[in-house]
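Below are a few exercises, each with a solution worked step by step.

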Amino acid sequence: MKAIILAAGLGSRLGTLGEEIPKCMIKIFGKTLLERQIEIFRHCGINDITIVTGHNQNVINYPDINYIKNPNFAKTNMNESLFCAKGKFNDSIIISYSDIIFEQKLIENLLKADYDFSVGVRLDWQKYYQNRTLHPLSEAENVVIEKNKIVYLRKNISACTENQEIGEFLGLIKLTEKAACKLLKKYLELKNNNTKQFHSSKSFERAYLTDMFQEMIDSGTIVTPIILNDLWFEIDTTEDLSRAEKVLKI
């Protein structure tokens with residue numbers, strides 16, 4: 001099992017703080033977001049950890065970690081950053097956003113999932129957007145679940161049918177080696193042939209992970225939601241940072 005942490009983003013919503021350092025290097029009670037993730041992965045027995053960097057990458061420097069830079073981080077998005085690490089797609093993988101905080105139980109529960117494509121989801125997500133004025137409900141990355149399968153992934157899903165439910169994508173994915181190979185094959189196929197709008201993005205170059213996984217679903221791949229009720233925070237704004245600090249202090 002390997003871990004790939006996507007840390008190439010600009011962090012523009014954090015104002016001057018995001019200009020000085022990548023979001024993942026923000027500290028909460030003396031530890032950066034990246035330090036917290038690295039410690040959890042290692043405690044779970046995952047020691048082959050790769051961080052995909054971009055914005056201000058020189059400030060990210062932890063021992064015994066693999067580093068791969070997305071040279072086009074300013075013109076691309078999460079999907080392209082992930083496949084900068086395509087050399088790691090020869091094993092089972094956990095993919096993680098770098099701007100999230102979670103407790104170890106969440107990764108332990110995700111590791112127990114016995115599916116090829118497993119996506120971390122929470123169902124009681126809307127209550128976490130109360131008074132979150134700088135990152136409103138419309139900014140959530142959502143999934144639509146039907147018969148224990150994800151049928152849609154994209155930002156701001158507000159309606160579904162009676163036999164479906166809406167959850168929030170937590171920026172955590174677990175792939176078996178078989179799934180990783182299948183995902184890479186699809187990426188290479190699209191990389192060489194796709195020049196148009198790609199799902200919710202203007203181009204394949206600017207695609208989000210949700211776009212890529214929607215493509216897999218549309219191609220017949222079963223993507224399974226793993227419902228995770230453990231502690232989880234996204235740090236996208238200064239408001240998010242303050243909310244996380246209050247909860248973690250208790």
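**Exercise 1: a hairpin and its neighbours**

Strand 9 and strand 10 pair in the antiparallel sense, with six bridges between them (two strands pair if DSSP finds at least two bridges between them; strands are DSSP runs of E with at least two residues, helices runs of H or I with at least four, and both are numbered from the N terminus). A word on what you're looking at: this is a predicted model, where local features need pLDDT of at least 70 and side-chain atom pairs count only at pLDDT 80 or more, while totals for chains, interfaces and linings use all residues. Residues are numbered from 1 along each chain as its sequence is written, and side-chain values use heavy atoms, with hydrogens and water left out.

Task: find which residue in the turn has a positive phi, then see what K155 in strand 10 stands opposite and which residue forms a salt bridge with K155.

Solution. 
1. Start at the turn: the two strands make a hairpin with two residues between them, and K147 there has a positive phi of about 55°.
2. Move along to K155 in strand 10, and you'll find E141 opposite.
3. Now the side chains: K155 forms a salt bridge with E139, closest N to O 3.4 Å (a salt bridge is a side-chain nitrogen of Lys or Arg within 4 Å of a carboxyl oxygen of Asp or Glu).
4. E139 sits in the loop between strand 8 and strand 9 (141-146), K155 in strand 10 (residues 149-155), so this pair links parts 16 residues apart in sequence.

**Exercise 2: helix 7 and a pocket**

Task: compare the span of helix 7 with the expected one, then find which elements give two or more residues to the lining of the second largest pocket.

Solution. 
1. Helix 7 (residues 238-249) has 12 residues and reaches 17 Å from first C-alpha to last, close to the 16 Å expected (1.5 Å times one less than the number of residues).
2. E239, D240, L241 and A244 are buried in this helix.
3. The second largest pocket has about 170 Å³ of space, and its lining includes W232, F233, E234, D240, R243 and V247.
4. Strand 13 (232-234) and helix 7 are the elements giving two or more residues to that lining.
5. By class, the lining has four nonpolar, no polar and five charged residues.

Terms for this one:
- On a 1 Å grid over the protein atoms alone, a pocket is an open set of points where a 1.4 Å probe fits, with protein on both sides within 12 Å along at least five of seven lines; lining residues have an atom within 4 Å of a point.
- Volume is the space filled by probe spheres set on the points, which are joined across faces, edges and corners.
- Ala, Val, Leu, Ile, Met, Phe, Trp, Tyr, Cys and Pro count as nonpolar, Asp, Glu, Lys and Arg as charged, and the others, Gly among them, as polar.

Notes
Buried means under 20% relative accessible area, exposed over 50%, partly exposed in between (1.4 Å probe, protein chains only).
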